[in-house]
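This briefing is for a reader who has not seen this structure before. Please look over the sequence and the model first.

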Amino acid sequence: MRPAPTSTANRPSRGVSLAPGSTSAAASTAKPPSQLHRTPHPAAAQETLTRRARGTRVAAASVLVGFADALAAPEAVASLLGAGHRVTAFARRGRPVALRRLREVAIVEVTAPEHDLAACAEEVAALAAAHELTMPLDDPAVLVADRGLPAEAPVAGPRGVQARMALDKRVQLRAAQAAGFAVAPWVELTSDGAGVAAVNGHRPTPGAGEPHALELPTGWEFPAVLKPALAAEEHEGRLRRLAPRPVATEAEAQALLRTWGAATPALVQRWVAGTGAGIFGIADDEGIHHLSAHRRVRMMNPAGSGSSACASAPVPTELVGPVQRLLGEAGWRGMFMVELLRAGEEWWFMELNGRPWGSLALARRVGYEYPAWAAARALDHAAPLPPSPPFEELTCRHVGRELMHMLFVLRGPRGHVGEWPGRRATLRAMLASGSPTAWYNLQPGTRGLFLEDTWRTVATQTWGRRGA
């Protein structure tokens, strides 16, 4: 018999005042999903995570989010609490999460999808049935929700065809090209012996001498980036996530492919050096709106990773049309992030994120409450949203990821195919004061969460889960 989801909310809830005139939050008790109920928080504390969910008018709801250890979890939860919603977060059983520092959020443990994907999907579906809305916070949660929840379940996130697009890089790359984005040359590798399936979205005619399953095309130029086609996949009944890897030689690429296995769909793409950027917004029947943008200041790992620091930027007007076509053709509904790479004068499409993204803190600090707005429109498609705030110059940094950036720089490139930052230049840049600065996960009343998140980030990246 599979264990029922269990809650770690074993302490009495402590009420918080969310904002002037806002509804107080509530949390689930520590019971299986069939017995979940809500108890109101007494109005006690005067501070909360939220800043600017103001202007959204929709009835408070019970919202299930997950996974609780997602990079965006603290900021997404803050946005939902600020809109008056009651939040429960599902977490992998036995894995402590920094989000537990927020007493107004119930943490309910489920089977880790890396152990049993079907069991996890079943348990999350049972939890979702006791809530009015479910919001996946990372790619594994998108897969779990799409597998487990019935089609009619209210979800603030991609489902069905949109979920496939959110998780399948091949679908994204073809759609981006059709929408008018610049896409670096890429080749899909197949595991059915048919050879190359697509080059920049066009299927060639197989012929003698073409590569076989999971083999690179003859003459492919290096360096390149080898990518799993799926952001999250089922492998032998378990969820598996593989990370893109830059490769300097064909031998290095073939060795990596062998470790992934023939059953894993993969693609290879030309490596492009540039500066990461992102465009964010909401998509619905009105089109795309409430757009904002950022540029990456530093990556946690200079060899390739998410940001450790990012800065607000004006939305490039020449990219609004391609973004609109990309999402409009897909029938996208909800929040989105289009990830880009700026190299010279060209904007290269990298990927589409269909759930809250790692740098959500920056968007929230400048007034864009995407999770609260996405929840409002998921609950009521006609819910009014506040006007977009004016552009504000701000840099946002994640302390744990900044510390890791410095450690990666000190460790050295270890065969990295691109340019590696110097130690002195990195230290000067990290200590320099310039534009206004804010920090991920640090707001009034969240110091405990901020410190634990910093510790867990460094521990996980240095000693692995044993140190977390």
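The model is a predicted one. Helix α6 spans residues 250-260, and strand β18 spans residues 334-343.

**Helix α6**

- Ala253, Gln254, Leu256, Leu257 and Trp260 are the buried residues named in α6.
- Viewed down the axis of α6, its buried residues fall within an arc of 160°, so they line one face of the helix.
- Ala251, Arg258 and Thr259 lie on the other side of α6 and are exposed.
- The strands that the buried residues of α6 pack against are β8 (186-189), β10 (224-228), β12 (238-240), β13 (245-247) and β14 (266-270).

- In β18, eight of the 10 residues are buried, so the strand is largely enclosed by the rest of the structure.

**Pairing with β15**

- Strand β15 (residues 275-284) pairs with β18 in the antiparallel sense, over nine bridges.
- Alanine 283 has glycine 334, in β18, as its bridge partner.

**Pairing with β19**

- β18 and strand β19 (residues 346-353) run antiparallel and are joined by seven bridges.
- Leucine 340 has phenylalanine 349, in β19, as its bridge partner.
- The hairpin of β18 and β19 has two residues between the strands, and glycine 344 in this hairpin takes a positive phi near 65°.

Methods
Residues are numbered from 1 along each chain as its sequence is written. This is a predicted model: local features need pLDDT of at least 70, side-chain atom pairs count only at pLDDT 80 or more; totals for chains, interfaces and linings use all residues. Side-chain values use heavy atoms; hydrogens and water are left out. Buried means under 20% relative accessible area, exposed over 50%, partly exposed in between (1.4 Å probe, protein chains only). Helices (H or I, at least four residues) and strands (E, at least two) are DSSP runs, numbered from the N terminus. The arc is that of the directions from the helix axis to the C-beta atoms. Contact means heavy atoms within 4.5 Å. Two strands pair if DSSP finds at least two bridges between them.
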